[in-house]
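This report walks through selected sheets, helices and loops of the structure shown below, with the chain given beside each name so that the sequence can be followed alongside.

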Amino acid sequence: MYVNRHNTHILLGFEYHAPVSVTEAVKLLDEYSPDAKVLAGGTDLIVKMKDGSVRPKHVVNLKWVPGLSGIREKRDGVWIGALTKLRDIERSELVQKRLPVLREAVRVIGSVQIRNLATLGGNICNASPAADGPVALLALDAKAHIVGPSGEKTVGLDSFFTGPGRTILGQGEILTGVTVPRSAAGGYGCFLRVARVSMDIATISLAASAKLKDGTVEDCRLAWGTVAPTPMRTREVEEFLRGKKLDEKVISDAAELASKSIQPRERGRSSGPYKRRVAYGFTVEALTKIAESAGRNR
Amino acid sequence: MNIEITVNGVKRVFEVEPQTLLLNLIRDEMDLTGTKYGCGIGECGACTVLLDGDAVLACMVLAVDADDRRVDTIEGLAEGGKLHPIQEAYLDEGAVQCGYCTPGFIMATKALLDENPEPTEKEIREYLNGNICRCTGYVNIVKAVQSAATRMKGQG
C-alpha cells in the first residue's frame, strides 16, 4: 500500500528524556541547557518544532513525573499543578466554586482537543502576552512554585514574566505549580476578551476579581492580556477602587484610569488607541457585572 | 523505543522513534488512514482521535506519549460490518460532502456524546469548534450530532 511519508510537518530528531522525578528533570535540564526544551502538553512546542523555529537537541518530557498535576485546596490556598490539563481545570468543581475567573479564561483557550493536551504550566511558561490563563491567575494574585538546581522557591506570578516569551526561569528551573492564596480565592470574577472567533488568540483581554462587603470593594485585581509585553495588572485602578462602592461614577472613573494605565504598542495586531477604548469598555462591563453579582448575593 | 498501545480494542506493540508523531504511527505503521492529516498545527481537527477516551489531535502528540494507553480511531467505530449510529447519522443528514474532515468530526462527536448524551445546539457548536469543515457550512453536521444523540439514546 502506498503511504505518503512526505509529511511536511514531520519532526526533526532529538534526544528524548522521560524523567520520573522533579529532581531528575531539573538535573537533565541543567545538564543539557540551553539545548533542552521542556515538553508538557506539546501544543506550543510541537508546532514550533515543526516549523523549525525551535530545534531542541534534547526534549525533557514532564508527563511521567508524578505530583505535577491536580487541583487541591491546601492550607495556604488553591494549588494547581503545572501539568494539569486545561480541560481538567475547566471541569473542576473546586475551580468553578473558588476561582470562577480562571474557569472563564481557560474555557476559551483553543478547542476541546487542544485543552485535552495543553497544560496550565505550558500556558504560563510560554509567556505569551496574549495567554488567557496567566491573565486570570494574575487577577487571582497567584504564586508560582519553581524548583531548580539550587532548590525550591515561590514568587508572585506578577514578577514571573520578563517579556514576550521570556520568564524568570533560570537554567535547569521548572515551574511545578501555582497557588491562588486564600485571600484571593472565592471572590467575584469576570473574564472578557476580544477575539475574532473561537479558537482565536485574544486581541485584548481583562480578568477582574474582587471581594466586596456591603457593596464596598475590600480587595480587587484587574489583569490584562495583550496590552503590554507581558500580562500586567493595573494597580492604580485597584487602589482607586479599594474602599469604594461600585456606583456609576466610580466605575466610569476607574475605566478612565484603566484606559490610561495599560501600555499597548501604538501599532500591532490592533492599535493602541483602539485598545484604550476597549479597556474603558471592559472595565465598565466587568465592574458592573461584579456589582450585580454582589447585589444578588446580599 | 518500544511502546504498547491498545488500538481500537487490540493491544499492539510498536517500535517508534521519539520524534514519531501519533498521527504518523496511526497512518503509516497501523495503516489506519481514516485519521487525516490536515493543518499539522492544531487548528483543523482532521486528525482527531480518542486517547483514553479524550479527543486529542494526533498531529501534536508524540507516539511515546500514547504508551500504555488506549487509542480509538474512526476504524474502530463500526461493529461487525454495521456502522456506528454517529456514522449513520452523518450519512443520513448529508453531513458529509468531500469527507476529509469527517473522521475528525465523528471522533469529536463521539467524545461529546460520551460525556454529554443530550447536548444543546450551542453545546454542540462549542464542542466542535476545533473541527473545520469547508464544504457543509456545519448546519447538517449539527443536525447529524442531534440525530446521533437520539439514535444512541434509543440503544441506551
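Predicted model: local features only at pLDDT ≥ 70, side-chain atom pairs only at ≥ 80, totals over all residues.

In chain A, strand S4 (residues 71-74) and strand S5 (residues 77-81) pair in the antiparallel sense over 4 bridges, and S4(A) and S5(A) form a hairpin with 2 residues between them.

**The antiparallel sheet of chain A**

Another part of chain A holds an open sheet of 4 strands, in the order S11-S12-S13-S14, whose pairing is antiparallel. Strand S11 (188-194) and strand S14 (232-233) of chain A stand at its edges with a single partner strand each, so one side of each has no neighbour in the sheet. Between them in the stated order come S12 and S13 of chain A; strand S12 (residues 204-213) and strand S13 (residues 216-225) of chain A are paired in the antiparallel sense over 9 bridges, and Lys211(A) finds its bridge partner in Asp219(A) of S13(A). Helix H11 (residues 272-297) of chain A packs on this sheet, where it touches S11, S12 and S13 of chain A, and its direction makes about 150° with that of S11(A).

**Ala185(A) and its surroundings**

The loop between strand S10 (174-181) and S11 of chain A contains Ala185(A), which counts as buried at 1% relative accessibility. Leaving aside residues up to four places away in sequence, Ala185(A) touches Val78(A), Arg98(A), Leu99(A), Val180(A) and Lys211(A); one of these, Lys211(A), is the residue already described as the bridge partner of Asp219(A). The C-alpha atoms of Ala185(A) and Pro100(A) are separated by 9.0 Å, although the two residues lie 85 residues apart along the chain.

How many residues of helix H8 (residues 132-139) of chain A are buried? The count is 8 of the 8 residues, so H8(A) is largely enclosed by the rest of the structure. Among the buried residues of H8(A) are Asp132(A), Pro134(A), Val135(A) and Leu138(A).

Most residues other than glycine have a negative phi, and most peptide bonds are trans.

| Site | Backbone value | Location |
|---|---|---|
| Ser33(A) to Pro34(A) | cis peptide bond, omega near 0° | Pro34(A) in the loop between helix H1 (22-32) and strand S2 (36-39) of chain A |
| Ala127(A) | positive phi of about 55° | loop between helix H7 (120-125) and H8 of chain A |

**The mixed sheet of chain B**

In chain B, 5 strands form an open sheet in the order S2-S1-S5-S3-S4, and the pairing is mixed. Its edge strands are strand S2 (10-15) and strand S4 (54-57) of chain B, each of which pairs on one side only. Neighbouring strands of this sheet are turned by 40° against each other on average, direction ignored. Strand S1 (residues 2-7) and strand S5 (residues 69-72) of chain B pair in the parallel sense over 3 bridges, with Val7(B) standing opposite Val71(B) in S5(B). Helix H3 (residues 102-115) of chain B packs on the sheet and touches strand S3 (48-51), S4 and S5 of chain B, its direction making about 35° with that of S3(B).

**The H3-H5 helix pair of chain B**

Besides packing on the sheet, H3(B) packs with helix H5 (residues 139-155) of chain B at an angle of about 45°, the axes being 11 Å apart; that makes H3(B) oblique to H5(B). The crossing in which H3(B) passes H5(B) is right-handed. From H3(B), the contact is made by Phe105(B), Thr109(B), Leu112(B) and Leu113(B), and from H5(B) by Ile141(B), Val145(B), Ala148(B), Ala149(B) and Met152(B). The residues of this contact between H3(B) and H5(B) divide into 8 nonpolar, 1 polar and no charged.

Notes: Residues numbered from 1 in each chain as written. Chains lettered and ligands numbered in written order. Heavy atoms only, no water. Buried < 20%, exposed > 50% of the residue type's maximum accessible area, 1.4 Å probe, protein only. Pairing = 2+ DSSP bridges. Axes fitted to C-alpha atoms, helices over the stretch in contact; angles between N-to-C directions. Contact = heavy atoms within 4.5 Å. Parallel < 35°, antiparallel > 145°, perpendicular 65-115°, else oblique. Left-handed = near helix turned anticlockwise from the far one by under 90°. Nonpolar A, V, L, I, M, F, W, Y, C, P; charged D, E, K, R; others polar.
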